[in-house]
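Here are some reading notes to go with the structure. Please keep the view open while working through the points.

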Amino acid sequence: MKAVIHWFRRDLRVSDNVALSEAAKRAETVIPLFIFEDAFRTGPDVGAARLAFLLQSVESLRKNLAELGHTLIVRCGKSEEILPTFAKEVGAQCVFANKRYEPYTQRRDERITGALLKIGVGFEMFKDAVVWEEQEILNLSGKPYTVFTPYSKAWKVKAVPAPVGKIGPRKAVSGNYPSDALPASPDAVGYPLTQKIPAAGERAALELLRKFMAGPVYSYATNRNFPALDGGSNLSPHLRAGTIGIRTIIAELNKAKVKAVDANAVKSCETFLNELIWREFYAQVLHNFPHVTKGAFRPEYDKLQWSDNQEHFVAWCEGRTGYPIVDAAMRCLNATGTMHNRLRMIVAMFLTKDLLINWQWGERYFMKQLVDGDMAANNGGWQWSAGTGTDAAPYFRIFNPVSQAEKFDAGGKFVRQWIPELKDFPDDLVHQPWENPLLLAKSKYPSRIVLHEEQRGKCLAMFKAVKG
Ligand SMILES: Cc1cc2nc3c(=O)[nH]c(=O)nc-3n(C[C@H](O)[C@H](O)[C@H](O)COP(=O)(O)OP(=O)(O)OC[C@H]3O[C@@H](n4cnc5c(N)ncnc54)[C@H](O)[C@@H]3O)c2cc1C
């Protein structure tokens with residue numbers, strides 16, 4: 001082909017990028033395009049942290065492409081309108097892109113295919129963001145899995161393809177096409193950035209991966225549960241923006257596993273792979289059961305009578321529930337756009353099973369705040385915690401916020417970092433400051449807005465009412 005447009009979406013990188021590599025192989029000229037969609041600033045889930053991460057990732061992509069002699073063209077507007085016009089402008093025969101899995105993007109991509117076909121331009125999409133797509137891992141009856149363990153077993157039987165490498169320098173001159181300016185920051189489009197977000201871009205992602213595989217991966221299985229230890233890879237914002245390829249991560253993990261010195265280190269590597277598989281599990285759930293974006297995976301749970309207490313919801317969002325582990329986690333989210341996995345489970349269980357608030361409220365709040373906010377993983381995590389999802393924790397499994405905190409933040413290092421009001425509390429009371437009412441009154445830290453022991457019973461009754 002003479003000219004192909006590579007449309008960058010959630011694949012903001014030059015290495016291990018399937019569609020980009022194919023374009024580089026098959027076309028004389030590749031024209032790299034990024035569309036700053038109207039929806040990036042008007043969609044219901046837009047959040048400053050994720051937007052900032054996206055803008056910085058695009059900037060870094062621009063530099064990485066320039067080093068290879070390519071000029072990234074940016075257009076702002078609606079992809080459905082921009083792509084046919086741009087394809088005509090540059091004389092492209094085809095648009096290449098990596099596949100997206102959310103139902104709304106798939107509907108949009110179908111419309112784009114039609115619009116491009118009308119003007120004789122092809123639209124080819126490639127599997128890139130996941131190792132195995134929604135129809136590639138099915139059970140013996142040819143149906144999608146709805147439970148993680150058998151899914152992960154089937155996933156592991158298949159050989160993971162190798163990374164596709166970095167594209168080479170530009171082969172032919174692609175012309176001088178005008179480019180729109182990206183907003184300088186989320187503030188410029190009405191989303192003031194108050195969070196301190198992690199470093200964005202492909203280089204930052206590869207550096208995180210290198211550091212993680214050089215050591216922390218070997219103690220991941222234990223350290224990942226303790227918020228104060230930062231035992232995870234922190235790769236989720238990069239996987240979300242596509243500043244790192246999944247095949248690259250798995251190839252590096254396999255290399256690290258070979259170097260593991262004992263059984264625990266091997267187990268840690270396997271635990272890490274399992275988490276990557278959870279990501280694919282939820283991606284296939286979203287695709288195969290798109291109703292999860294609108295309600296419970298198990299429809300009977302759409303009848304749950306949530307309390308939906310607005311004041312309680314605001315207290316949860318702002319980290320003022322009186323439960324230190326919940327409040328510290330929410331304050332951390334609000335300040336950084338990130339939250340540790342264990343804490344996500346704790347705050348999600350607390351919202352749904354202590355405050356009895358609809359999980360969809362929490363799902364929406366997370367999407368607005370999270371730098372890694374991903375429809376599939378977020379929906380899966382919320383439905384799991386609420387007990388309404390595929391592989392859900394059974395509804396009667398209710399985390400006790402105090403015992404969770406004592407187990408995973410013994411001594412309160414994490415909690416103290418985010419709740420200065422608790423600085424004078426001794427270690428044994430830092431997770432239940434109400435046990436010393438005088439000190440609590442002096443500290444200005446809020447009293448509990450609900451009593452866990454009471455709410456637990458109400459929650460069980462709420463679920464039993466729909467389960468019969
Ligand atoms: C209520 C709730 C909401 C969540 N929302 C999101 C979200 O919007 N985006 C998101 O990427 N993850 C989400 N997760 C999953 C998980 O909390 C994050 O992926 C993890 O905390 C990211 O940190 P990390 O990169 O250090 O992960 P690691 O522990 O290093 O794991 C490696 C990668 O595996 C994937 N992963 C790990 N755990 C999960 C999981 N449970 N489900 C799906 N993928 C997983 C992520 O891509 C992650 O980067 C959510 C979990 C819960 C309980």
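**Notes on one helix, the ligand and the domains**

1. Start at the N-terminal end of helix α15, which is capped by Asn358: one of its side-chain oxygens is 2.9 Å from the backbone nitrogen of Gln360. Bear in mind that this is a predicted model.

2. Helix α15 runs over residues 359–369. Its buried residues are Trp359, Gly362, Glu363, Tyr365, Phe366, Met367 and Gln369. The list includes Glu363, a charged residue by class. Among the elements that cover these buried residues are α3 (48–67), α12 (310–318), α13 (324–336), α14 (341–354) and α16 (375–386).

3. Which of its residues are buried? They are Val18, Ala19, Leu20, Ser21 and Ala23. The elements they pack against are β1 (3–8), β2 (29–37), β4 (94–98), β5 (122–126) and α10 (246–258).

4. Now turn to the ligand. It is surrounded by 27 residues, and the closest are Tyr220, Ser233, Asn234, Asn341 and Asp374. Sorted by class, this shell holds 14 nonpolar, 8 polar and 5 charged residues.

5. Which helices supply at least two residues each to the shell around the ligand? These are α9 (236–241), α11 (263–288), α14 and α16. The most comes from α11, which gives 6 residues.

6. A polar backbone atom of Asn234 is 2.7 Å from a ligand oxygen. For Asp374, a backbone N or O atom lies 2.9 Å from an oxygen atom of the ligand. With Arg344 the side chain takes part: one of its N or O atoms is 3.3 Å from a ligand oxygen. On its own the ligand has 810 Å² of accessible area, and the protein covers 93% of that.

7. Last, the domains. The protein chain is divided into domain 1 (3–128), domain 2 (130–161 + 202–288) and domain 3 (299–467). Domain 2 is written as two segments, 130–161 and 202–288. The C-alpha centres of domain 2 and domain 3 are 26 Å apart. Their contact takes 18 residues from domain 2 and 21 residues from domain 3.

8. How does the ligand relate to these domains? Domain 2 and domain 3 each provide at least three residues of the shell around the ligand. When checking this in the view, begin with Asn234 and Asp374, which are among the residues closest to the ligand.

How values were computed. Residues numbered from 1 in each chain as written. Predicted model: local features only at pLDDT ≥ 70, side-chain atom pairs only at ≥ 80, totals over all residues. Heavy atoms only, no water. Buried < 20%, exposed > 50% of the residue type's maximum accessible area, 1.4 Å probe, protein only. Helix = DSSP H or I, 4+ residues; strand = E, 2+ residues; numbered from the N terminus. Contact = heavy atoms within 4.5 Å. Polar contact = N/O pair within 3.5 Å; in protein donor to acceptor, adjacent residues only side chain to side chain. Near = heavy atom within 4 Å. Areas by Shrake-Rupley, 256 points an atom, 1.4 Å probe, with all protein chains shown as cover. Domains from an automatic or database assignment.
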